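Work through the exercises below with the structure open beside you. Try each task before reading its solution.

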Amino acid sequence: VSDPGGDRRARIQALWVRYLAGEATTAPELLAEVRAGGELAPALAADAQLHRLLDALGRSHAEEAVFVEQVGRLVAAEASVDRFVSAVERQIDAVPPRPRPTARLRPARRPGGRWLAAPLALAAAAAAAALWLGATRRPSSDVVARGPAPTTLTTGLLQAGGDRLRPGQLVPAAVPLVCDEGRACLRLGDGSQLCMERGTRLQLDRPGRPGPVVLEAGKVAATVRHQPPGATFAVSTAAADVTAIGTAFTVEVTEDGRATIARVVEGTVAVSPPGRPGADGVRLSAHQALSASGGARWRMSSEEEREEWSLVRAHTPAAFLARPVEITPPTARPEGPEALSPSETETAALLRLGDALRARGRLSDAQGIIDGLARRLPGRSDIERLAAEVRAPPPAQPWNATPAVYRINAGGGRYMDPRGNIWSADIHYSGGHTGEFQEEIDGTDMDPIYRSERFAFPSERMSYHLPVADGQYVVRLHFAEIWAGTVKSNMRQFDVIVEGQRVLAAYDIAAEVGSMTATVKQLVTSVRDGNLDIDFAHVVENPKVSAIEVFALGPDQAPPPPPALPTVFPPLPLPPTDALYRVNAGGREYVDSLGRRWEADNHFNDSGLGAAQYVDIAGTDLDPLYQTERRSFLLPSRRSLVYSFPAPPGRYLLRLHFVELGLRPAPGGEVFDVLVEKAEVLRALDIFAEVGPLTALVKEVETTALDGAIDLSFRPRAGRPKIAAIEVIPLSGGQVAAPVAGCAQSGLPARPGMVWLLAVAIAVGAARRWRRRAP
Amino acid sequence: MNMSARPNQHRGPAPADEPAHIERAKAGDREAFSQLVRMHQAVVRAYVSAHVRPAEMADDLAQEVFLRAFRRLEAFQLPESGSMRPWLLGIARNLLLEHQRAPARLEARRPADLEEVLDTRQLDGGLGISDTMDLERRIAALQGCVDKLGPAAFALVWRHYFERRTLASLAIEEKRQESALRMRLLRIREALRTCMEQTGEGATP
């Protein structure tokens with residue numbers, strides 16, 4: 001109700017100027033005024049625009065030099081990446097391209113690459129042919145025994161013998177499988193993924209053929225998990241066996257059935273004549289393709305490669321862009337406790353932890369612990385027992401086993417939950433966008449419905465209009481906070497309006513259940529116009545929804561009990577840790593294969609942005625740590641990213657984990673200094689230049705905490721500073737030294753590009769010098 | 001403060017030199033390109049800032065506008081006006097549309113604020129950025145109106161917006177309440193808006 005009095009006007013104006021000065025707490029009342037169409041709303045809107053225009057002009061005046069210099073750096077990096085790519089292309093193109101055989105699914109196109117001088121081309125072709133024909137004969141033990149690991153259909157439909165398989169069902173071995181309706185994907189027992197295009201015919205684990213995949217027609221895309229020693233992963237066709245060497249690739253049998261084309265997106269494969277699988281065929285690495293009918297090989301055009309990438313990883317085009325060149329990942333793995341066999345006590349503790357993670361539905365963390373134990377202690381029955389439990393289908397939950405009018409997986413595809421309920425792909429929506437994240441979700445066994453979402457930018461409308469018969473309905477709205485940008489409370493709030501009634505006001509998922517945790521809201525509503533309308537309205541950040549269920553409610557029927565809130569689990573039985581903090585920057589809580597807990601991103605000053613790229617990371621087994629990161633704001637006018645770790649006085653080792661997830665993939669594209677306690681410890685760190693994209697980089701520095709906290713900050717030189725994970729490890733008591741001026745040797749070997757923090761200084765002069773250098 | 005130091009939005013080369021700088025930049029002269037960035041950054045940043053928050057995201061996008069311009073510079077044909085500004089704003093517009101559509105959200109989503117709701121009132125929910133000419137007229141009108149401000153009002157606008165001083169620090173310096181300065185700035189903006197409306201370039205449609 002608007003009050004025409006001057007008091008009201010003065011109050012709104014006072015709130016408004018406070019809002020512009022950064023007091024977000026005044027926003028709700030102002031929003032109410034604007035939404036109610038108060039008389040001041042147009043004036044506020046006009047003032048906001050003018051303020052912003054003045055602010056932008058002022059910024060461009062004050063920061064002109066910074067801006068121009070930053071663009072100059074980007075332009076220079078752009079020029080250098082061009083040179084780099086063309087140099088690499090020249091090397092790769094040493095093998096001549098070959099016109100691609102007629103593609104069945106797409107119009108034929110010219111493979112990328114350039115023709116080189118004819119003599120060189122001929123020589124290279126001859127070499128390839130020689131390698132092809134002369135592939136070493138291997139004993140007939142082609143078929144590597146594989147354990148009885150079950151294969152599950154994860155998406156799509158599949159014809160298996162006479163049966164129709166649906167997502168969630170087990171896929172039998174040695175039975176002809178036909179994919180005749182869209183795309184279908186399988187998860188194999190070892191965690192590898194196999195997707196097939198429409199028209200594909202194949203068999204799994206057919207006796208007498210290298211496997212697990214025997215492809216008869218069509219095209220498959222494989223993302224292969226690390227294979228245990230002695231095992232191989234191959235796709236065999238009539239023309240060739242394609243064996244993975246830790247890899248993502250596609251194999252296609254052309255329509256006439258004569259040619260087999262292998263295309264490699266990541267890692268390496270060996271292509272060998274049929275019946276002679278293994279690593280001694282023609283080796284293909286990323287960006288290359290080969291037609292097995294003649295042994296010719298070409299570098300894929302970017303268009304071709306993009307398509308292959310989209311088949312292998314449907315959701316990561318940015319990762320493809322991040323890989324314009326091949327960079328050999330470092331082969332040396334950091335020596336760690338994993339090199340040692342665990343004691344009985346440690347094993348028991350890890351098994352307990354794995355079981356606790358399983359109970360919470362954190363299956364991939366549990367699987368990581370099982371894999372880590374199995375690597376170190378192969379063949380133990382207790383480890384296999386836990387593995388079997390992790391694979392077992394979850395128990396039924398009665399509250400979700402009711403027939404529904406609608407079950408909609410917002411922003412996602414069709415899904416069958418563990419109780420056999422089918423959730424339709426996203427339908428009946430209006431407005432909004434879809435997003436998908438590959439994180440594990442706590443408090444549910446239906447992770448896929450929470451991993452996808454429909455969301456709307458604040459200036460957009462988003463709603464669902466579900467056609468129903470008039471009557472009473474129970475509506476369940478499913479939510480989970482899954483985006484790294486909004487992991488804390490007050491970062492996202494929105495209203496939900498069902499049939500014109502505001503049923504959730506300024507709803508804050510993270511405030512209620514935390515991030516990466518499922519929650520369900522249930523309400524009863526009446527429909528009189530044949531449409532059940534659900535609208536979402538912005539308060540802070542973007543409104544979103546994960547899934548919607550609608551149940552009919554008879555006139556005399558009592559509504560079903562509302563679903564329980566996520567169970568509060570007892571604390572995880574974590575083994576003793578050597579670290580004061582382990583933080584997965586930009587990401588969720590993660591328990592690694594050694595049972596070390598990395599807490600969800602915390603301890604930062606509510607600045608910076610989260611970024612995620614769910615792809616394999618080279619040079620580490622801790623992929624989830626590196627798949628998310630936090631990036632600092634760029635310009636001096638914004639608060640820059642600072643992590644602050646409360647710590648009692650003493651000596652500490654900081655282990656900093658970095659990765660180039662590939663937004664500006666070029667040497668010199670992103671360069672920054674790292675400061676600990678305001679002292680520069682890493683100068684001009686250029687992750688791409690050191691290790692390339694999507695590769696883990698670990699730096700260690702020592703520091704002394706003097707003031708009760710360890711501050712970690714960053715100074716940009718080009719692009720944005722960023723961090724993937726942080727460990728703060730107290731050095732042993734004997735090493736906790738009283739603060740002294742001067743230097744102490746860290747004792748760690750120096751590596752190129754690495755600058756160690758050697759100084760522990762409280763000398764006033766040194767402190768002053770640092771302050772002057774700080775931005 | 002020195003009142004002769006009124007804001008000069010047209011830094012860098014004079015507009016008449018622009019075609020020559022474009023030619024040199026096309027030939028690979030990066031310094032010439034930097035001059036062009038200097039010449040157009042204020043308008044491009046103002047334009048992007050009008051549609052994207054937070055500010056550092058807007059500036060990232062503005063950088064991307066210039067990077068794209070650099071990549072496509074060879075294909076750029078100088079129009080009769082002799083300025084690349086309409087072309088730059090066209091790139092910015094496409095980038096904003098892409099940004100709004102970006103489904104992967106690697107960095108697409110930003111914490112939003114009340115202002116975005118106000119924008120939907122102001123801009124009818126759409127991008128409302130087809131009339132880039134309008135922005136240039138409004139900036140020109142705003143500059144004219146800022147110049148007409150009295151000395152005290154001008155000083156406050158200049159020191160807060162252009163010298164990036166916080167109102168809190170200005171309040172201490174001038175021995176006034178910060179809340180009083182905020183209200184004063186609101187009144188100044190109201191006056192600027194009235195002035196711009198009188199010249200036919202008001203913010204309200």
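A disulfide is counted here when two cysteine sulfur atoms lie within 2.5 Å. The model is predicted, and every value below is computed from it.

**Exercise 1. Find how many disulfides the structure holds over all chains, and describe the one that joins C185(A) to C195(A).**

Step 1. Searching the whole structure gives two disulfides over all chains.

Step 2. In the pair C185(A) and C195(A), the S to S distance is 2.0 Å. The cut-off is 2.5 Å, so the pair qualifies.

Step 3. The torsion about this S-S bond is about 105 degrees, so the disulfide of C185(A) and C195(A) is right-handed.

Step 4. C185(A) sits in strand 6 (residues 184–187) of chain A and C195(A) in strand 7 (residues 193–196) of chain A, ten residues apart.

Step 5. Buried means under 20% relative accessible area. C185(A) has 7% and is therefore buried; C195(A), with 3%, is buried too.

**Exercise 2. Describe the disulfide that C145(B) and C195(B) form.**

Step 1. The sulfur atoms of C145(B) and C195(B) are 2.0 Å apart.

Step 2. The angle about the S-S bond is -85 degrees, and the link of C145(B) and C195(B) is left-handed.

Step 3. C145(B) belongs to helix 6 (residues 132–147) of chain B, and C195(B) to helix 9 (residues 178–198) of chain B; they are 50 residues apart.

Step 4. With a relative accessibility of 3%, C145(B) counts as buried. C195(B), at 14%, also counts as buried.

**Exercise 3. Work out which strands pair with strand 8 of chain A, and why strand 8 is largely enclosed.**

Step 1. Strand 5 (residues 177–179) of chain A runs antiparallel to strand 8 of chain A, and three bridges join them.

Step 2. Strand 9 (residues 212–223) of chain A pairs with strand 8 of chain A over four bridges, in the antiparallel sense. In this pairing L202(A) is opposite L215(A).

Step 3. Strand 8 covers residues 200–204 of chain A; four of its five residues are buried, so the rest of the structure largely encloses it.

**Exercise 4. Give the strand order of the open sheet formed by three strands of chain A, and name its edges.**

Step 1. The order is 20-21-28, with antiparallel pairing.

Step 2. Strand 20 (433–436) and strand 28 (544–545) of chain A each pair on one side only and are the edge strands.

Step 3. Strand 21 (residues 452–455) of chain A pairs with strand 28 of chain A over two bridges. F455(A) stands opposite K544(A) of strand 28.

**Exercise 5. Check whether the span of helix 8 of chain A agrees with its number of residues, and find what covers its buried residues.**

Step 1. Helix 8 (residues 344–359) of chain A has 16 residues; at 1.5 Å a residue it should span 22 Å. The count used is one less than the number of residues.

Step 2. The end C-alpha atoms of helix 8 of chain A are 23 Å apart, which agrees.

Step 3. Buried residues in helix 8 of chain A include T347(A), L350(A), G354(A) and L357(A). Among the elements covering the buried residues are helix 9 (363–376) and helix 10 (381–391) of chain A.

**Exercise 6. Classify the ring pair of F67(A) and F66(B).**

Step 1. Over all chains the structure holds 16 aromatic pairs.

Step 2. The ring centres of F67(A) and F66(B) are 5.8 Å apart and the planes are at 75 degrees, so this pair is edge-to-face.

Step 3. F67(A) lies in helix 4 (residues 64–92) of chain A and F66(B) in helix 3 (residues 55–71) of chain B, so the pair joins two chains.

Step 4. F67(A) is buried at 1% relative accessible area, and F66(B) counts as buried at 2%.

**Exercise 7. Decide where in chain A confidence is lowest and where it is highest.**

Step 1. The mean pLDDT of chain A is 73, with 71% of its residues at 70 or more.

Step 2. Confidence in chain A is lowest in helix 7 (residues 317–321), at a mean of 31, and highest in strand 28, at 95.

Step 3. Over residues 83–148 of chain A the pLDDT is below 50. Where pLDDT is low, the predicted coordinates should not be read in detail.

Notes. Residues numbered from 1 in each chain as written. Chains lettered and ligands numbered in written order. Predicted model: local features only at pLDDT ≥ 70, side-chain atom pairs only at ≥ 80, totals over all residues. Heavy atoms only, no water. Pairing = 2+ DSSP bridges. Buried < 20%, exposed > 50% of the residue type's maximum accessible area, 1.4 Å probe, protein only. Contact = heavy atoms within 4.5 Å. pLDDT = per-residue confidence, 0-100. Phe/Tyr/Trp six-rings, centres within 6.5 Å; stacked < 30°, edge-to-face > 60°.
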